Amino acid sequence: MLNMASKPLYDKIWVKHGFSRVMDSFTLLLLLLLLGYRILSLNNTTFPQVLAFVCESWFTLLWIIIISTKWSPAYTITYVDRLLHRVAESELPAVDLFVTTADPMLEPPILTINTVLSLLALDYPSHKLACYVSDDGCSPLNFYALLEASNFAKLWVPFCKKYNIQLRAPFRYFSNTGPNNTQDTPEFIQDWLRIKEEYERLSRKILNATQASIPVDGEFSIFSNVHPTNHPTIIKVIWENREGLSDELPHLIYVSREKKPTHPHHYKAGAMNVLTRVSGVMTNAPFILNLDCDMYAHNPKIVLHALCILLDSKGEKEVAFAQCVQQFYDGMKDDPFGSQYTAMFVYMGGGVVGLQGIFYSGTNCLSRRKIIYGLSPHQNGNKDHAITKEKKTIFGTSKVFVESATRALEGSTFTPNNNLFNSLEAANEVSSCEYDYGTAWGEQVGWIYGSTSEDVLTGLKIHNKGWRSEVCTADFTGFMGCSPQDTLSVLGQQKRWASGLVDILLSKHSPIFGTLFENLEFRECLAYLYITTWAIRSIPEICYAALPAYCIITNSHFLPKEFGQWIPVTLLVIYNISSLVEYLKTGLSIRTWLNCQRMIRITTMNSWFLGFLTIMLKRLGISDAVFEITKKEQPVSGEDVNNETIGRFTFNNSALFVPGTTILLIQLMALFTKSMGWQPPVRSGHGSGVGEMFCSLYLVVCYWPFLKGLFEKGKYGIPLSTICKSTILAMLFVHLSKLTIKD
Ligand SMILES: O=c1ccn([C@@H]2O[C@H](COP(=O)(O)OP(=O)(O)O[C@H]3O[C@H](CO)[C@@H](O)[C@H](O)[C@H]3O)[C@@H](O)[C@H]2O)c(=O)[nH]1
Ligand SMILES: [Mn+2]
């Protein structure tokens with residue numbers, strides 16, 4: 001038994017991806033060979049070859065970054081039994097739970113309350129939990145849904161705990177299982193039916209409220225005359241566990257921070273900072289778990305798993321946060337839009353885990369409050385806190401908050417009031433839209449402002465200080481959410497990520513500075529470069545995609561000829577075999593692999609390129625980058641799913657589809673030129689050959705859904721305006737290409 005107490009609470013397991021390593025190294029070798037070939041044949045070089053050389057140099061650099069990131073993957077195993085053996089249940093630390101929602105139309109309240117219900121039902125002493133829901137939409141509908149959910153929770157939570165239910169988000173639980181007559185007791189079946197009926201009643205109520213509108217009287221009167229971007233703070237304690245009983249429900253608090261059109265609200269980062277402060281003056285738990293509104297807790301013991309990492313004696317000193325990978329339910333078959341990132345999480349994600357640690361991805365993360373307050377690994381939180389004057393400039397003017405933050409930094413437990421209602425005044429004060437001004441919030445403290453990928457930025461700041469992070473891979477998936485289900489949402493999300501990420505690269509928080517001047521490890525920096533360069537990667541990719549068309553139109557070549565042509569051929573074969581094998585090893589289908597290959601080309605040239613333009617406009621001061629919320633699909637019952645339309649590309653007149661349509665059109669124009677025999681005579685050496693034709697056809701295959709879209713009507717068709725814009729651009733391209741060969 002003594003032995004048990006000295007054993008670590010988690011282990012890190014190193015994975016050997018021998019095959020990937022060999023193939024990746026081989027790919028790198030071929031890339032270097034290609035560059036070498038180009039340098040050797042420099043004396044008779046033409047424009048397309050120079051451009052190809054520049055792009056290929058970039059691809060090689062990127063490949064080095066990828067190999068370094070993938071090289072030594074790892075994951076963790078956590079031992080909850082050891083934790084519970086070491087720490088008595090009554091000694092477990094308090095955990096504040098944050099849920100953010102912003103728009104009841106894009107984020108159906110039924111999803112939000114399912115997330116909340118899964119949290120209220122966590123396997124954790126409930127008097128140690130407090131659930132804070134931030135509503136940036138300031139919607140009476142969300143408040144109403146939460147009120148109703150808290151009533152339902154009084155049945156749901158005891159039911160889950162009594163029968164040790166695994167899946168504690170009711171919409172998932174009831175859609176997946178029915179009582180199993182052979183094993184279940186009559187008592188269970190009776191309870192099950194009753195709770196199911198109650199849940200259905202709750203869903204109906206919320207649906208009705210969504211369709212009608214909530215009368216803003218009584219408790220709702222505070223919502224009269226509010227506008228999502230212009231309203232005072234609304235904080236409501238929906239449920240308080242007054243007696244501090246471990247089998248009661250956890251606290252549940254609704255927070256809608258003050259907003260004024262004249263004050264920047266910093267989107268999710270702003271909302272998270274308000275939640276941090278409000279919880280600071282109310283419960284001040286040393287740990288914070290934060291979730292997006294669609295990410296319910298799938299494993300009721302997940303907080304215990306994550307705490308194994310943060311409470312382990314080594315983890316205690318080094319690890320800032322424990323992050324669970326994002327996983328999605330009801331994913332479409334074969335991932336038609338490549339929006340589940342399964343293989344990427346295993347290979348690239350696993351690789352980062354083996355370095356300084358996984359990136360913070362904005363949700364599914366348990367962090368230490370004191371680190372969110374800006375503590376560095378070498379700093380001692382116990383430092384004298386007599387310097388309250390300085391603290392004010394860091395944490396703002398609320399005395400209550402400064403006191404609670406000071407205590408949190410010291411590592412001592414302290415709650416300003418023993419009653420939530422007594423904290424309401426302070427909570428309102430720290431939720432005002434001016435509170436951040438002249439403080440370190442969003443700069444040194446809390447979630448960092450300035451990027452629409454505030455998650456990666458916030459995690460990077462923490463890694464820069466020298467903290468490590470750890471992935472939490474419990475045997476039973478920790479959290480599950482909803483992945484975007486249509487092309488527009490997928491491409492829009494990618495655009496937001498790409499623009500937010502490149503914003504980080506170009507800012508003073510850049511990982512490059514982090515390595516040079518702070519404590520970011522070099523290879524971790526490379527891993528950050530891999531994601532922060534997404535937007536930039538669109539440029540060489542688009543150039544490379546234009547090359548085959550250019551070469552066919554002008555009857556020139558960019559691929560090596562004669563003996564050299566075997567280099568790109570081998571490269572293509574090796575690269576594709578190795579990525580296919582990676583997919584198959586992860587348990588994914590060949591179709592999934594094909595879909596993802598296609599989507600990588602499409603997102604790079606469309607979303608990432610627009611992300612790049614967004615940031616150019618932002619840097620030039622022309623327009624700001626906004627956080628466009630990803631649409632979350634309302635849960636549907638089995639019969640509503642129409643297999644015909646699932647996974648089909650939908651289009652609208654968004655600029656997101658212009659680059660892709662243009663690239664497709666120039667390939668078609670090139671192939672047409674060739675088939676009509678309109679190519680000009682070869683000017684020197686070789687003309688375009690099989691290689692250029694192959695590349696052009698490859699792109700047409702990648703853009704097959706766009707090709708179909710050219711001929712479809714309605715939402716499956718590319719709108720005429722987009723076709724017109726793209727045709728003009730494509731014709732301009734053809735014209736300019738021809739100009740380059742005029743003498
Ligand atoms: O003004 C805002 C905008 C968004 N949100 C919330 O932020 C979360 C994430 O937004 P979502 O539209 O779902 O973005 P995703 O693309 O799904 O989110 C990923 O990427 C974001 C950064 O771009 C991270 O913040 C997320 O945690 C991460 O899951 C949601 O809970 C929103 O309610 C706010 O609270 N206020
Ligand atoms: Mn999301």
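Asparagine 555 sits in the loop between α21 (534-554) and α22 (566-585), where helices (H or I, at least four residues) and strands (E, at least two) are DSSP runs, numbered from the N terminus. This is a predicted model, in which local features need pLDDT of at least 70 and side-chain atom pairs count only at pLDDT 80 or more, while totals for chains, interfaces and linings use all residues. Residues are numbered from 1 along each chain as its sequence is written, and chains are lettered from A and ligands numbered from 1 in the order in which they are written.

Asparagine 555 has a positive phi of about 50° although it is not a glycine. Most residues other than glycine have a negative phi. With 20 other C-beta atoms within 10 Å, asparagine 555 is buried; a residue is buried if 20 or more other C-beta atoms lie within 10 Å of its own, exposed if 12 or fewer, and partly exposed in between, with C-beta atoms placed from the backbone. Tyrosine 341, likewise not a glycine, has a positive phi of about 50°. Tyrosine 341 belongs to the loop between β10 (328-329) and α12 (342-353), and it is partly exposed, with 17 other C-beta atoms within 10 Å.

The strands come next. Strand β3 (residues 95-101) has 7 of its 7 residues buried, so it is largely enclosed by the rest of the structure. In a regular strand the side chains alternate between the two faces of the sheet. From β3, Val95, Leu97, Val99 and Thr101 point one way, Asp96, Phe98 and Thr100 point the other way, and all are buried.

Strands of a sheet pair through backbone hydrogen bonds, either parallel or antiparallel. Two strands count as paired if DSSP finds at least two bridges between them. Strand β3 pairs in the parallel sense with strand β4 (residues 129-135) over 7 bridges, and valine 99 has valine 133 of β4 as its bridge partner. Between these strands comes helix α5 (residues 109-120), and β3, α5 and β4 make a right-handed β-α-β unit; a crossover is right-handed if, with the strands pointing away from the viewer, the path from the first strand over the helix to the second runs clockwise. Strand β3 is also joined to β7 by 6 bridges, and these two run parallel. Here threonine 100 stands opposite aspartate 292 in β7.

From β4 the pairing continues to β6, with 5 bridges between strands that run parallel. Tyrosine 132 has isoleucine 253 of β6 as its bridge partner. Strand β6 (residues 251-256) has 5 of its 6 residues buried, so it is largely enclosed by the rest of the structure. Strand β5 (residues 234-239) is joined to β6 by 5 bridges, but these strands run antiparallel, and valine 237 stands opposite isoleucine 253.

A further sheet is open and has 3 strands in the order β8-β13-β10, with mixed pairing. β8 (296-297) and β10 stand at its edges, each with a single partner strand, so one side of each is left without a neighbour in the sheet. Between β10 and strand β13 (residues 479-482) there are 2 bridges, and the two run parallel; tyrosine 329 stands opposite cysteine 482.

Which residues does UniProt list for "binding site"? The unreviewed entry lists Lys268 and Asp292; UniProt positions are given in the numbering used here, feature names are shortened, and annotations may be inferred rather than shown by experiment. These residues span 25 residues in sequence, yet no two of their C-alpha atoms are more than 9.7 Å apart, so they gather at one spot.

Lysine 268 lies in helix α9 (residues 267-282) and counts as buried, with 22 C-beta neighbours inside 10 Å. Leaving aside neighbours within four places in sequence, lysine 268 is in contact (C-beta atoms, placed from the backbone, within 7 Å) with Thr100, Glu454 and Phe627. Aspartate 292 is in strand β7 (residues 287-292) and also counts as buried, with 26 C-beta neighbours inside 10 Å. Not counting residues up to four places away in sequence, aspartate 292 touches Thr100, Gly362, Thr363 and Gly481.

Of the 25 residues around ligand 1, Thr100, Tyr267, Asp292, Gly362 and Thr630 come nearest; a residue is near a molecule if its C-beta atom, placed from the backbone, lies within 6 Å of it. The elements that give two or more residues to this shell are β3, α9, α17 (454-464) and α18 (487-505). Helix α18 gives the most, with 4 residues.

Notes:
Contact = placed C-beta atoms within 7 Å.
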